[in-house]
Amino acid sequence: MESTQTLPLAAYVRVSTAGQAASGLGIEAQRRAIIEAAAAGGFAVGGWHEDAGRSGATMRRRPALLAALADVESGRAGGIVVSKIDRLGRSSADVLGLVERAQREGWRLVALDVGLDTTTPAGELVAAALAMAARFEYRRISERQLEKFETLSQLGRPRGRSATPRELADRI
């Protein structure tokens, strides 16, 4: 079997809205960046995977990303390349999960805009910075939630939604 280091990469491109998908400009710019990087000799592109008009909020609702991951799992691709890291996802925790998965499973994840390449020392540094950013984001969300709950408590307002009136709950 061929080493993942010599296998071509699955190229993944994505735009979030139907308008962006219809214009084709964002997808084309991403394709061009990947083609230029491949031509510079860093990797070969095996197949293209496109999620046009798909939000980056969750990975589960992006069939092309799932197909790119399936190419890696099946050995048809040695990893995944994106032009920009935010094409992988909007959540740093999700993106970090992919980075960790690539490192754990020994495949290559490349994000051209931030210099992420999980097979290089510099790429490992970028991955560590992503991990720190994800941890920071998680802690800030927790802090904001605690601040919100404290403010609600000071105002004498309950946390969460109001309970359904008993008579309505009984009827239901």
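Student: Which strands does helix α2 lie across, and at what angle does helix α2 run to β1?

Tutor: In this predicted model, helix α2 (residues 25-39) lies across β1, β2 and β3 (79-82). Helix α2 runs at about 155 degrees to β1.

Student: What makes β1 and β2 paired strands?

Tutor: Pairing needs at least two bridges. Strand β1 (residues 9-15) is joined to β2 by 7 bridges, so the two strands pair. They run parallel. Within the pair, alanine 10 stands opposite glycine 47 in β2.

Student: Where do β1 and β2 sit in the sheet order?

Tutor: The order is β2-β1-β3-β4-β5. These 5 strands form an open sheet with mixed pairing.

Student: Why are β2 and β5 at the edges?

Tutor: Each has a single partner strand, so one side of each is left without a neighbour in the sheet. The residue ranges are 45-52 for β2 and 116-117 for β5.

Student: Why is arginine 101 called buried?

Tutor: The cut-off for buried is under 20% relative accessible area. Arginine 101 has 18% relative accessibility, so arginine 101 counts as buried.

Student: Where does arginine 101 lie, and what does arginine 101 touch?

Tutor: Helix α4 (residues 92-105) holds arginine 101. Leaving out residues up to four places away in sequence, arginine 101 touches Leu69, Glu73 and Trp107.

Student: How do you know that arginine 101 and arginine 139 are apart in space?

Tutor: Their C-alpha atoms are 22 Å apart. In sequence, arginine 101 and arginine 139 are 38 residues apart.

Technical notes
Residues are numbered from 1 along each chain as its sequence is written. This is a predicted model: local features need pLDDT of at least 70, side-chain atom pairs count only at pLDDT 80 or more; totals for chains, interfaces and linings use all residues. Side-chain values use heavy atoms; hydrogens and water are left out. Helices (H or I, at least four residues) and strands (E, at least two) are DSSP runs, numbered from the N terminus. Buried means under 20% relative accessible area, exposed over 50%, partly exposed in between (1.4 Å probe, protein chains only). Contact means heavy atoms within 4.5 Å. Axes are lines fitted to C-alpha atoms, for helices over the stretch in contact, and angles run from 0 to 180 degrees between N-to-C directions.
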